[in-house]
Amino acid sequence: MTSSFCFCIILTFPSLSAMNPSQQFVEHGVSQQNFKGSSCTTVLTLAYQSLGIVYGDLSTSPLYVYKTTFSGKLRLKEDDEEIFGVLSFIFWTFTIIALFKYVLIVMSADDNGEGGTFALYSLLCRHARLSILPNQQPTDEKLSAYTTEDSADTWLSAHLKLLFEKHPRFQKGLLIFVLLGTCMTIGDGVITPAISVFSAVSGVQVKIKELHDNYVVIISCVILVAIFSIQHHGTHRVAFMFAPVVAAWLLCISGIGIYNIFHWNRQIYRALSPLYMLRFLKTTGIEGWMSLGGVVLSITGVETMYADLGHFSALSIKIAFTCLVYPCLILAYMGEAAFLSKHHYDIQGSFYKAIPETVFWPVFIVATFAAIVGSQAVISATFSIISQCCALNCFPPVKIVHTSSRIYGQIYVPEVNWTLMCLCLAVTIGLRDTNMMGHAYGLAITTVMFVTTCLMTLVMVIVWKQGIIKAIICLLLFGSIELLYISASICKAPEGGWIPLVLSFIFMSIMFTWNYGTMKKHEFDVENKVSTSKILSLGPCLGMVRVPGIGIIFSNLASGVPAIFGHFVTNLPAFHQVLVFVCVKSVQVPCVCDNERLIISRIGPKEYQMFCCIVRYGYKDLQQENYNFENKLVSTIIQFVEMESAPEPTQQELCMDGGNLNVAHLGVSQHTLHSSCCVEKNFPFSCVLRVKKNDDEHLQESPYKDESMQILKAKESGVTYILGHSYAEAKKSSSILKKFAIDVVYAFLSKNCRDPDVFLNVAHTSLLEVGMVYQI
């Protein structure tokens, strides 16, 4: 057909349209401020705010870097070669990894303004079709956030795409590699609060020497319990003080650093020469190499800069780092090195001993608050990571609580919060030593950084279409440095480095088992889905009848009738007058716009009154709706039915949520319809359709048709939610390991995770559960 229309219904909500732009940014989250053309004032404001959220962890590193570095056999000598060498390593590691790698290169690889390990993985999945998420459809590629480069592939990018396409095991291997970095980041969430708080509190022993270590441990545990106990209030209630605390902390340590440089050793600037690194390794040998596990602690928190990219603009984070964070921390490390060059025997308490007597207690108080801020940042990041893993079917769905009604993305996960608290207390009480905590910390952060480097290299080749030389240079330059630190940190495994290894193994086992069981469950549903014609053909022989009301069946399939429904009607040969199969799925983009959230399509002929609704979420979206899903779904279906009554009746697919509604006529043509709808009692009772065809525009009154009235009457009769509980069992021929993973681990996780009815606010009085057992 040559002529075509495309329909789009735009709903107007006065409360939203009346908002000013700044209010809309707050409602949709800080990430919406990541826009081009920002004013200078806005950028500087965001740069200031980023201090409290992004740099809390990084700024507290001076508390324990030198102490951990010289915790082994490495000792200071009279010629100061060791302290100059360590400072040179700190300076160049901080410059190359933090400044060159993250600020200049990695932060350019954003996924629609979002950063982090999953952002890089998402970019690769979209450009190389690596996604292993089930229920992926061609219509997902039409999402506004689903952007891909149109440039031609290079021979290297084409070969890499072909490699991943022909060998699915490489796709699985890439996912496991990403999960490794993710699990190490969760391990970071366990160690950071422990080492930050314990290091800050232990400084009091410099002034109160008779204070026993047990009291330091008790005070640290009390602070940790307090930190985790207030998480349910959300960071927005105390976020206003985060940036001032970190700013005051950075100015304090930089001022003290300048004082120490001029007071103790003005020649310390010579250590910035890279020659001192070579002389350090040559002089100290294997002891110097093993001490690098402490040096790497100077860049703890650099991954947070990239991970929190979605909360601020890239420019604001870069300005905050280059203009304040970078120079302040370099001055702090140089000042402490100058102090150590004259006080060789004060290495274990060098940070607090380097503080002038008159300002010790104010700096100690600021250090304690800075440690709390740094802990808060990594705890919040862990909540976000777990939420993203749930979206990628790599972690069981857990309870996610919105802690702010104004700022999108601030969440609280109770189960994860209390688990982190217990693990932090166990690390603090069990190790009781910042040196051992530092060894564990170093291995976790270096592994995450190496994963980012490898993914970044793939992004350069597949997404940016860069040549092989640039990719190899990036991999060799940054990867070699990170592998050097990983090798040094692994050697410290018996002295605390085993902690992140054990934690990552446990979390990876949970994630991989859940992902494996979920994918097998989806394969079972696909293989055993029931055709619509078969269900209706059984009606006469089973005495099947249609009862008043609407039946909403939660399905794992984006198309077709799930096996759980066939099992239901076989045992109870009746179903509702209107049937809606709802599939909640994730797509490989960070966020799905509200106007693209729902997809409505019809199953079978019109007289069957069977519909399919797909609810789409991005990996950073929160799968928890605050609106009345039931009313919204019925309203959308009615509008879909009204659209079908328009000219040129064809099979249609509709995307709608709240403000916008898009209809795509599959395989025939594409239409656009603009309409103004009056919303009363959660339902649009009248529509004036503005139809444009062949440049001729006219208005057409669209009253409710018979089917629309039938759906409304069915809604008044009641809505029943049918939720399938599929219980997985390992086959008798399976190995003992598989039986343990499926029958024990996966079964336990399935029974204790959250079902779709919870985050869609389904009333338990309207819920009907159907059980089914399948073998994998």
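The loop between helix α7 (117-128) and helix α8 (155-166) holds R129, helices (H or I, at least four residues) and strands (E, at least two) being DSSP runs numbered from the N terminus. The model is a predicted one, in which local features need pLDDT of at least 70 and side-chain atom pairs count only at pLDDT 80 or more, whereas totals for chains, interfaces and linings use all residues. Residues are numbered from 1 along each chain as its sequence is written, and side-chain values use heavy atoms, with hydrogens and water left out.

Although R129 is not a glycine, its phi is positive, at about 55°. R129 counts as exposed because its relative accessibility is 57%, where exposed stands for over 50% relative accessible area, buried for under 20% and partly exposed for values in between (1.4 Å probe, protein chains only). A positive phi, of about 50°, is also found at Q609, which is not a glycine. Q609 lies in the loop between β6 (598-603) and β7 (610-617), and Q609 is buried, with a relative accessible area of 6%.

Two packed helices are described by the angle between their axes and the distance between the axes. Helix α9 (residues 168-202) packs against helix α18 (residues 414-431) at an angle of about 50°, and their axes are 9 Å apart; axes are lines fitted to C-alpha atoms, for helices over the stretch in contact, and angles run from 0 to 180 degrees between N-to-C directions. The angle therefore makes α9 oblique to α18, since angles under 35 degrees count as roughly parallel, over 145 as roughly antiparallel, 65 to 115 as roughly perpendicular and the rest as oblique. The contact (heavy atoms within 4.5 Å) involves I186, G189, V190, P193, A194 and F198 on the α9 side, and L420, L423, C424, V427 and T428 on the α18 side. Sorted by class, the contact of α9 with α18 comprises nine nonpolar, two polar and no charged residues, with Ala, Val, Leu, Ile, Met, Phe, Trp, Tyr, Cys and Pro counted as nonpolar, Asp, Glu, Lys and Arg as charged, and the others, Gly among them, as polar.

Strand β5 (residues 574-586) is mostly covered, with eleven of its 13 residues buried. Strand β4 (residues 545-555) runs parallel to β5 and is joined to it by nine bridges, two strands being paired if DSSP finds at least two bridges between them. In this pairing, V545 stands opposite A574 in β5. Strand β5 also runs parallel to β7, to which eight bridges join it, and here V580 stands opposite F611 in β7.
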